[in-house]
Amino acid sequence: RQFHLGMFEIGRPLGKGKFGRVYLARERSSGFICALKVLYKAELQHGSGVEKQVRREVEIQSNLRHPNILKMYGHFHDSKRIFLILEFAGRGELYKHLRKENRFPEWKAAQYIAQMASALRYLHRKHVIHRDIKPENILVGIHGELKISDFGWSVHAPNHRRTTLCGTLDYLPPEMVRPHGSGNDNSYDEKVDLWSLGVLTYEFLVGEAPFEDTMVMTHRRIARADMTIPSFVSPEARDLIKKLLVLDPAKRLPLDAVQQHPWIIKHCVKGERATNREKTKGGE
Ligand SMILES: COc1cccc(-c2nc(Nc3cc(C)[nH]n3)cc3ccccc23)c1
């Protein structure tokens, strides 16, 4: 389907991402509400990693369909700008909610992690690694559901990274922070997202990332999986974090086991106790 700017009424700016601005928009003929992400070509240095990242973001995200992955309906460009037509998530950025609440109660964190595990299972079945799972890249839908956004760093597995990383190291697994050729071919696969899921679980429950420190120390602590889990974290949640933050990618808890983990079941199997309650109440 061909899109162009005239098809849209541009609403209020929602905010600025790393490379562009995001506006609320309405498609004129249908009245459909979406979010329009505008990237200036001038800002995407030619031949740099960024241009390739945008191309990959469009190619990957356009073909994904999952309730916890932000949909990309299409894209178009004019002489100066690239426009991405994205699903509108009504409650905005997850990290703002996390900062405001400081940390999430265990039932909310468990439901969020269950949704992320479901989205990652979908991505991994399509051999897509996200590589950048962190609160800043997750939006919240109008019904409180999570939506993974920003596929700028996602790639097809397995992968050998060439573009240098910038921004926070907090979420990167050991196999991605280890220097080149240190006894490994620094290639990696989907299991990097399992590590990031562990970091996300920790950050939801504690309010800060497990290896947060100076750049040098973060590097070292990640490489040693050196973290402490505060005593207020429940034993079940602690168990899941420790089974995801494992140095050896092959030993990380796979996503189907994450979804069956006691901590997830305890908080997510909808209304199991409620239905029991119904039954006992009815049965009294
Ligand atoms: C830096 O702040 C930014 C940046 C980009 C978007 C928002 C934002 N986004 C959305 N929803 C979105 C965004 C996209 C691509 N789809 N749905 C909703 C919001 C609500 C309140 C404040 C802010 C919001 C903020």
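# Exercises on a predicted model

**Exercise 1.** Determine whether C268 is buried, partly exposed or exposed.

*Solution.* The relative accessibility of C268 is 23%. Buried requires under 20% and exposed requires over 50%. The value for C268 lies between these limits, so C268 counts as partly exposed. The structure examined here is a predicted model. For C34 the relative accessibility is 1%, so this residue counts as buried. As to disulfides, the structure holds zero.

**Exercise 2.** Describe the protein chain as a whole: how many helices and strands does it have, and what share of its residues is buried?

*Solution.* The chain contains ten helices and eleven strands. Of its 284 residues, 48% count as buried. The exposed surface comes to about 14,600 Å², of which carbon and sulfur atoms supply 54%. Among contacts between residues at least 6 apart in sequence, 63% join residues at least 24 apart.

**Exercise 3.** Identify the residues of the largest nonpolar core that touch the most other members.

*Solution.* This core has 57 residues, and L197, L200, F204 and W263 touch the most other members. The element that gives the most to the core is helix 3 (residues 106-125), with eleven residues. Another core lies apart from it; its 14 residues include L39, V50, V54 and L86. Next, consider the contacts of L200, leaving aside residues up to four places away in sequence: L200 touches I113, M116, I133, K134, P135, I138 and Y171.

**Exercise 4.** Explain why the buried residues of helix 6 line one face of the helix.

*Solution.* First, list the buried residues of helix 6 (residues 215-223): T218, R221 and I222. Viewed down the axis of helix 6, the buried residues fall within an arc of 100 degrees, so they line one face. As a general principle, an α-helix has 3.6 residues a turn, so residues three or four places apart point the same way. The cover over the buried residues of helix 6 includes helix 4 (174-177) and helix 5 (191-206). Just after helix 6, A225 adopts a positive phi of about 50 degrees.

**Exercise 5.** Classify the aromatic pair of F76 and F83 by the angle between its planes.

*Solution.* There are seven aromatic pairs. For F76 and F83, the ring centres are 4.7 Å apart and the planes meet at 15 degrees. Planes under 30 degrees apart count as stacked, so the pair of F76 and F83 is stacked. F76 is buried at 7% relative accessible area, and F83 is buried at 2%. Together with F8, these two residues form one aromatic cluster.

How values were computed. Residues are numbered from 1 along each chain as its sequence is written. This is a predicted model: local features need pLDDT of at least 70, side-chain atom pairs count only at pLDDT 80 or more; totals for chains, interfaces and linings use all residues. Side-chain values use heavy atoms; hydrogens and water are left out. A nonpolar core is a set of buried Ala, Val, Leu, Ile, Met, Phe, Trp, Tyr and Cys residues joined through side-chain atoms within 4.5 Å. Buried means under 20% relative accessible area, exposed over 50%, partly exposed in between (1.4 Å probe, protein chains only). Helices (H or I, at least four residues) and strands (E, at least two) are DSSP runs, numbered from the N terminus. Contact means heavy atoms within 4.5 Å. The arc is that of the directions from the helix axis to the C-beta atoms. A disulfide is a pair of cysteine sulfur atoms within 2.5 Å. Accessible areas come from the Shrake-Rupley method with a 1.4 Å probe; for residues, only the protein chains shown count as cover. Rings of Phe, Tyr and Trp (its six-membered ring) pair if their centres lie within 6.5 Å; planes under 30 degrees apart count as stacked, over 60 as edge-to-face and the rest as tilted.
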